[in-house]
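Subject: A structure for you to look at

Hello! Here is the structure I promised to pass on to you. Have a look at it first, and then read on for what I found.

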Amino acid sequence: MQILSPRHVNTEESLRLGVVSGWYSTKVSGTFVSGPHDSEADCLRRIAEINPPSAKSAKPAPIA
C-alpha cells in the first residue's frame, strides 16, 4: 500500500510544472498519482478509493 497525501498546486507552480492548477494526490516522493481535483475533499475521496482503509484483523471469539 502506498501512502498518498493531498497537495495543492497553485497557478504559479502549475505553470512551472506544466500542469493544471488544483489538488493532486501525491506519493511521499512527490509524484502525482491523480488530479487535478476541484477541492481537497475531492482529492481525499480519490485517495480513499485508491487506498481503501485496511480492515483491522479481529481476533476470533473464543470457543465456549
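A definition to begin with: helices (H or I, at least four residues) and strands (E, at least two) are DSSP runs, numbered from the N terminus. With that in hand, the elements of this chain run β-α-β-β-α from the N terminus on, which gives two helices and three strands.

Two notes on where the values come from. This is a predicted model, in which local features need pLDDT of at least 70 and side-chain atom pairs count only at pLDDT 80 or more, while totals for chains, interfaces and linings use all residues. Residues are numbered from 1 along each chain as its sequence is written, and side-chain values use heavy atoms, with hydrogens and water left out.

Let's start with the sheet. Strands of a sheet pair through backbone hydrogen bonds, either parallel or antiparallel. Two strands are called paired here if DSSP finds at least two bridges between them. The three strands make an open sheet in the order β1-β2-β3, with antiparallel pairing. Its edge strands are β1 (4–9) and β3 (32–37), each of which pairs on one side only. On average, neighbouring strands of the sheet are turned by 25° against each other, direction ignored. For such angles, axes are lines fitted to C-alpha atoms (for helices over the stretch in contact), and the angles run from 0 to 180 degrees between N-to-C directions.

Now look at β2. Six bridges join β1 and β2, and arginine 7 stands opposite tyrosine 24 in β2. β2 and β3 form a hairpin with four residues between them, and glycine 30 in the turn has a positive phi of about 100°.

Is β2 mostly covered or mostly open? It is mostly covered, as five of its six residues are buried. Buried means under 20% relative accessible area, exposed means over 50%, and partly exposed is in between (1.4 Å probe, protein chains only). Across the chain of 64 residues, 22% are buried.

Helix α2 (residues 40–50) lies across β1, β2 and β3, running at about 150° to β1. Contact, by the way, means heavy atoms within 4.5 Å.

Next, the rings. The structure holds one aromatic pair. Tyrosine 24 and phenylalanine 32 form this pair, and the rings are stacked, with 4.4 Å centre to centre and 20° between the planes. Rings of Phe, Tyr and Trp (its six-membered ring) pair if their centres lie within 6.5 Å; planes under 30 degrees apart count as stacked, over 60 as edge-to-face and the rest as tilted. Tyrosine 24 is buried, with a relative accessible area of 5%, whereas phenylalanine 32 is partly exposed at 27%.

Finally, find asparagine 10 in the loop between β1 and α1 (11–17). Asparagine 10 is partly exposed because its relative accessible area is 40%. Its C-alpha atom is separated by 8.8 Å from that of tryptophan 23, 13 residues apart along the chain.

Enjoy exploring!
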